Amino acid sequence: MCVGISARVVSINEDTAVIDVSGAKRKISAALIEDLEPGDYVMVHAGIAIAKITESDASETDHIMEAL
Amino acid sequence: MDKIVTLAHGAGGKQTSELINRIFKAHFSNPDLTADDAAVLPVEAGNIAFTTDGFIVSPYEFPGGNIGKLSICGTVNDLSCMGAKPLYLSCAFVIEEGFPMEKLEQIAVSMEKTAKEAGVRIVAGDTKVAGKGQVDNIFITTTGIGHIMEGVNTSGKLAQPGDAVIVTGDIGRHGCTILLSRDEFGIDAEITSDCAPLWGITEKMFETTKEIHVIRDATRGGVGTVLYEIAEQSNVGIRLDTEKIPVAGEVSGVCGMLGLEPLYLACEGRLVVFVPKEIAPAVIEALHGSPYSKNAAIIGEVISDMPGKVVMKTAIGSQTLLPQPGGELLPRIC
Amino acid sequence: MENRKVSPKEIIESYNGRHLRIMEVCGTHTHEIFRLGIRKIVPESIELISGPGCPVCVTPVGYIDEAVMLSLDIGAVICTFGDLIRVPGTEMSLAVARSKGAVIKTVYSPIDAVEYAQENPDKKVVFLAVGFETTAPAACLAIKKAKEAGLTNFTILGANKTMPNAYLALKDSADAFLYPGHVNAIAGTAVCEQLVKEGVSGVVTGFTASELLTALAVVIQLTKKGKPFLVNCYPRVVKPEGNVPAQKLMNEVMEPCDAEWRGLGIIKGSGLKLRTAYSDFDARLRFNLPVITGKSNPECCCGNVLQGKCRPSDCKLFGTGCTPQHPVGACMVSNEGSCSAYYQYGGNFNG
């Protein structure tokens, strides 16, 4: 039950946000993320957003392999 | 007519007759449903298929259906899996004292609508009323008879290496719908149960070919459970291509959030079909013509190694075992 | 002519160097590595070891006994993550307690437990707070919410832990670590950078197929260079400073303490307990729980499995007396446990 999942932010209301994972929506806590905007992607774990996601895993891999 | 079902309605007297006439006979009307102790039906030459199923789904109403619709589909689909045209059904109700009459009527209406669509007649029934708390809302048991088509022989023991594995639509919808209807996890998604009567698409498949080795409806335990059952019964291995398995985005999203595997979520309107791989594309085309199977897909093949096991081709092109089914994820799913 | 870049997968498959031990310390990594078939493509000279990455698994048996006591003797409603429910305690699991009348609710988030407590003021609600740095902030948020709402019926049974001292305890168990990306997402990478100075190598690892393969490829390439290293292979989620608001929150609500890890014994400073200002939310204090030392089955090898000292399949009970349906130890029943991963995926290749 502790899995982390990447989700798109649909709306924000104070320190909660509604996120969407392929059409499934849930209210979560956004209290720990600053400057969140609808359309941002976040990593969600146990009902809270723990980090903003800044790029796809494909481009991330490219950057890392290049730097190697 | 009373607004709620009472113990008197189950006592066998005047109120019982009233209930039967106003709710059941009014909607299930057909010449074979008489006031006699049993229906009298002609027997055709050949073999009949005979099956029964109990339904205790909670909640009894959910997006895409209700316990009534489910009770017809479940039995119709079990018959269809044997290649048997569903003919007659009986239904036995156990209703909790205080159950709303309006809801009971809606359930009866659903049942008749579904039965009509499946071409099946409800010819016998029984009604009992139990005291408050002795049953949860309403339980239904349906029993069905069908006539097996000539030249057709399906069984869980007949899967062979070289068979393609087909699933007739996207998976895990019913389980997901029930999970969300119980409102335990606060997730919102537009998912409806896939509950549907499948004789129509089964007939279409048999029109394409009689050489179908296995048909099984995926219910509790989902497609994954069916695959393991067949792998064991036929003593074969099954290799799945995970990318080809149809899963609705929302179902995928819910599973991702909760750490669930869609292959193990219940379906109530999906068949798993094993046919020789050469004929599979024609079967898929036939299935695509029907609304209940428009997402039908070939998801894997039967192999001779690793008998009894189901393996999957993974996202990195490697292979892994599909974990075997564990305990039921959701109680009272159907 | 453009040089075709070698892919992470090719780097892994073509490795033919010395024996390399790579330890992952995250239950999700354990399971994903199996589920993606990564173990099948890794050459024999690379040993993938599963460490104590499952927070449920490293929680001592006595914790379940405390939860059972709270539910049966004190009549508290237990709110918990799903995979704690079937973990065996000394006498019984929470699932068995439930069959004896205990009220056990599965929650997706500790915040759901606070909401339940708000809606049911007549019930004593206890949230089972297990988890590493990824999950502890959620428990802290829940407590803050409870405090703000003035709730007097909500407490937590704490068992949160932190990873850094565990890495130190394990540093001789592997040549390099795959660090649990979401722990770093909260805590940042400073701890891992410090570990490099102590000669411990590792890469911060994500969870997708591509991220896992990249992490392994980076370990392979950098191990060849012979110097301790740290690379953040999950930069799209993990920033060097981590999640500062989360760190502040954890620091406000909880403080380090010594903690017992099943199999590893007591690791100093590796636990988190509520600070005095929040002690009203501590179930142990609220309900005066006695100190409970649980007893596990002497044949259970969870302790050694968690240190990577033996494989799940080396345990005598594996697959016979201990299966996911009838577990003896936590490692077999938790969704993140090594034994459950090995059992479910039929795995015994590459360690």
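What share of the contacts in chain B with a separation of 6 or more comes from residues 24 or more positions apart? The share is 86%. Two residues are in contact if their C-beta atoms, placed from the backbone, lie within 7 Å.

This is a predicted model: local features need pLDDT of at least 70, side-chain atom pairs count only at pLDDT 80 or more, and totals for chains, interfaces and linings use all residues. Residues are numbered from 1 along each chain as its sequence is written, while chains are lettered from A and ligands numbered from 1 in the order in which they are written.

**Figure 1. Overall build of chain B.** Chain B has 8 helices and 14 strands. Helices (H or I, at least four residues) and strands (E, at least two) are DSSP runs, numbered from the N terminus. The radius of gyration of chain B is 21 Å, close to the 20 Å of the globule rule for 334 residues, so chain B is as compact as a globular protein of that length. That radius is taken over C-alpha atoms, and the globule rule is 2.2 Å times the number of residues to the power 0.38. Along its principal axes, the C-alpha trace of chain B spans about 65 × 55 × 30 Å. Of the 334 residues in chain B, 49% are buried. A residue is buried if 20 or more other C-beta atoms lie within 10 Å of its own, exposed if 12 or fewer, and partly exposed in between; these C-beta atoms too are placed from the backbone.

**Figure 2. The two domains of chain B.** The domain assignment gives domain 1 (7-148) and domain 2 (163-321) of chain B. Domain bounds come from an automatic or database domain assignment. The centres of the two domains, taken over C-alpha atoms, are separated by 28 Å. Their contact takes 23 residues from domain 1 of chain B and 19 residues from domain 2 of chain B. On the domain 1 side, α2 (67-81), β4 (84-96) and α3 (101-118) of chain B each supply at least two residues. The largest share of that side, 10 residues, comes from α2(B). By class, the side has 11 nonpolar, 8 polar and 4 charged residues. Ala, Val, Leu, Ile, Met, Phe, Trp, Tyr, Cys and Pro count as nonpolar, Asp, Glu, Lys and Arg as charged, and the others, Gly among them, as polar.

**Figure 3. Surroundings of Ile212(B).** Ile212(B) is found in the loop between α5 (199-208) and β9 (214-217) of chain B. Is this residue, Ile212(B), buried or exposed? Ile212(B) counts as buried because it has 23 C-beta neighbours inside 10 Å. Leaving aside neighbours within four places in sequence, Ile212(B) is in contact with Thr154(B), Met205(B), Phe206(B), Val273(B) and Val275(B). Pro276(B) is 64 residues away along the chain, yet the C-alpha atoms of Ile212(B) and Pro276(B) are separated by 7.6 Å.

**Figure 4. Domains 1 and 2 of chain C.** The domain assignment of chain C gives domain 1 (8-54 + 164-232), domain 2 (61-163 + 244-286) and domain 3 (302-344). Taken over C-alpha atoms, the centres of domain 1 and domain 2 of chain C are separated by 30 Å. The contact takes 11 residues from domain 1 of chain C and 15 residues from domain 2 of chain C. On the domain 1 side, α8 (164-169) and α9 (181-187) of chain C are the elements that give two or more residues. α8(C) gives the most, with 5 residues. The residues of this side divide into 9 nonpolar, 2 polar and no charged.

**Figure 5. Chain A against chain C.** Here 25 residues of chain A are in contact with 37 residues of chain C. On the chain A side, the elements giving two or more residues are β4 (41-45), β5 (48-52) and α1 (57-67) of chain A. α1(A) gives the most, with 6 residues. This side divides into 15 nonpolar, 6 polar and 4 charged residues.

**Figure 6. Chain C against chain B.** Here 18 residues of chain C are in contact with 14 residues of chain B. On the chain C side, α2 (27-35), α3 (38-41) and α11 (209-223) of chain C give two or more residues. α3(C) gives the most, with 3 residues.
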